[in-house]
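Visitor: I would like to go through this model with you, taking the fold as a whole before the details. Could we begin with the term that the later answers rest on?

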Amino acid sequence: MNAHQHNQIVNFIWNIADDCLRDVYTRGKYRDVILPMTVIRRLDAVLEDSKEAVLSMKKMLDEAKIAKQTPALCNAAGQAFCHSSPFRLKDLTSRAKAQQLKADFIAYLDGFSETFRKSSTSSSSATR
């Protein structure tokens, strides 16, 4: 990707932020929303092909009452991290009520493997 293409994509994203987030967040706070959501969407896309395998493995591990599930779930995902929530980020857009969206989004975030959540928490606290 050359610099011109990169700048076009960046401008496109910021224009969407300006259109959609105006009056919800102050302009300087867009990055606090856009960057994390971009990363989350990318992770969701990376894990999309293995989603069914991970959910199947989770169901099997739950039925066997196995507590430490992360290694098996990450293996099913084929990644160093995994996501075991039944939600996909795109599924959450159909929520009509803000309360339901918030609860489902929290459940979605909690579906990421513990190692991922710890690294993202320490990263976000370092940037505050």
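Guide: Buried means under 20% relative accessible area, exposed means over 50%, and partly exposed covers what lies in between. The model shown here is a predicted one.

Visitor: With that cut-off in hand, is arginine 88 buried or exposed?

Guide: Arginine 88 lies in the loop between α4 and α5, and its relative accessibility comes to 18%. The limit for the term is under 20%. Because 18% falls within that limit, arginine 88 counts as buried.

Visitor: How many helices and how many strands are in the chain?

Guide: Read from the N terminus on, the elements run α-α-α-α-α-α, and of the 128 residues of the chain, 26% count as buried. Among contacts with a separation of 6 or more, 50% come from residues 24 or more positions apart. The count of elements is six helices and zero strands.

Visitor: At what angle do helix α2 and helix α5 pack?

Guide: Two packed helices are described by the angle between their axes and the distance between the axes. For α2, residues 30-47, and α5, residues 98-110, the axes are 12 Å apart, and the crossing is left-handed. The angle at which α2 and α5 pack is about 60°.

Visitor: Which residues of α2 and α5 make the contact?

Guide: By class, the contact of α2 with α5 has five nonpolar residues, no polar ones and one charged residue. On the side of α5 the contact is made by Phe105, Tyr108 and Leu109, and on the side of α2 by Met37, Ile40 and Asp44.

Visitor: How are the rings of phenylalanine 105 and tyrosine 108 arranged?

Guide: The structure holds two aromatic pairs, and in the one formed by phenylalanine 105 and tyrosine 108 the ring centres are 6.1 Å apart. Phenylalanine 105 and tyrosine 108 are three residues apart in helix α5, which means a separation of about one helical turn. Phenylalanine 105 is partly exposed, with a relative accessible area of 23%, whereas tyrosine 108 is buried, with a relative accessible area of 0%. Because the planes of the two rings stand at 15°, and planes under 30 degrees apart count as stacked, the pair is stacked.

Visitor: Which residues form the aromatic cluster?

Guide: Tyrosine 108 also pairs with phenylalanine 112, the ring centres being 5.6 Å apart and the planes at 85°, so this pair is edge-to-face. Tyrosine 108 and phenylalanine 112 are both buried. The one aromatic cluster is formed by Phe105, Tyr108 and Phe112.

Visitor: How many residues apart are lysine 90 and glutamate 48?

Guide: Lysine 90 forms a salt bridge with glutamate 48, the closest N and O atoms being 3.3 Å apart. The pair links distant parts of the chain, since lysine 90 is in the loop between α4 and α5 and glutamate 48 is in the loop between α2 and α3; they are 42 residues apart.

Visitor: Which residue meets arginine 88 in a salt bridge?

Guide: The partner lies in helix α3, so the pair ties together parts that are 36 residues apart in sequence. At 52% relative accessibility the partner counts as exposed, and the N to O distance is 3.1 Å. The residue that meets arginine 88 is glutamate 52.

Visitor: What is the value of phi for lysine 65?

Guide: Most residues other than glycine have a negative phi, and most peptide bonds are trans. Lysine 65 is found in the loop between α3 and α4 and counts as exposed, at 75% relative accessibility. Phi of lysine 65 is positive, near 55°.

Definitions and conventions: Residues numbered from 1 in each chain as written. Predicted model: local features only at pLDDT ≥ 70, side-chain atom pairs only at ≥ 80, totals over all residues. Heavy atoms only, no water. Axes fitted to C-alpha atoms, helices over the stretch in contact; angles between N-to-C directions. Helix = DSSP H or I, 4+ residues; strand = E, 2+ residues; numbered from the N terminus. Left-handed = near helix turned anticlockwise from the far one by under 90°. Contact = heavy atoms within 4.5 Å. Nonpolar A, V, L, I, M, F, W, Y, C, P; charged D, E, K, R; others polar. Phe/Tyr/Trp six-rings, centres within 6.5 Å; stacked < 30°, edge-to-face > 60°. Buried < 20%, exposed > 50% of the residue type's maximum accessible area, 1.4 Å probe, protein only. Salt bridge = Lys/Arg side-chain N within 4 Å of Asp/Glu carboxyl O.
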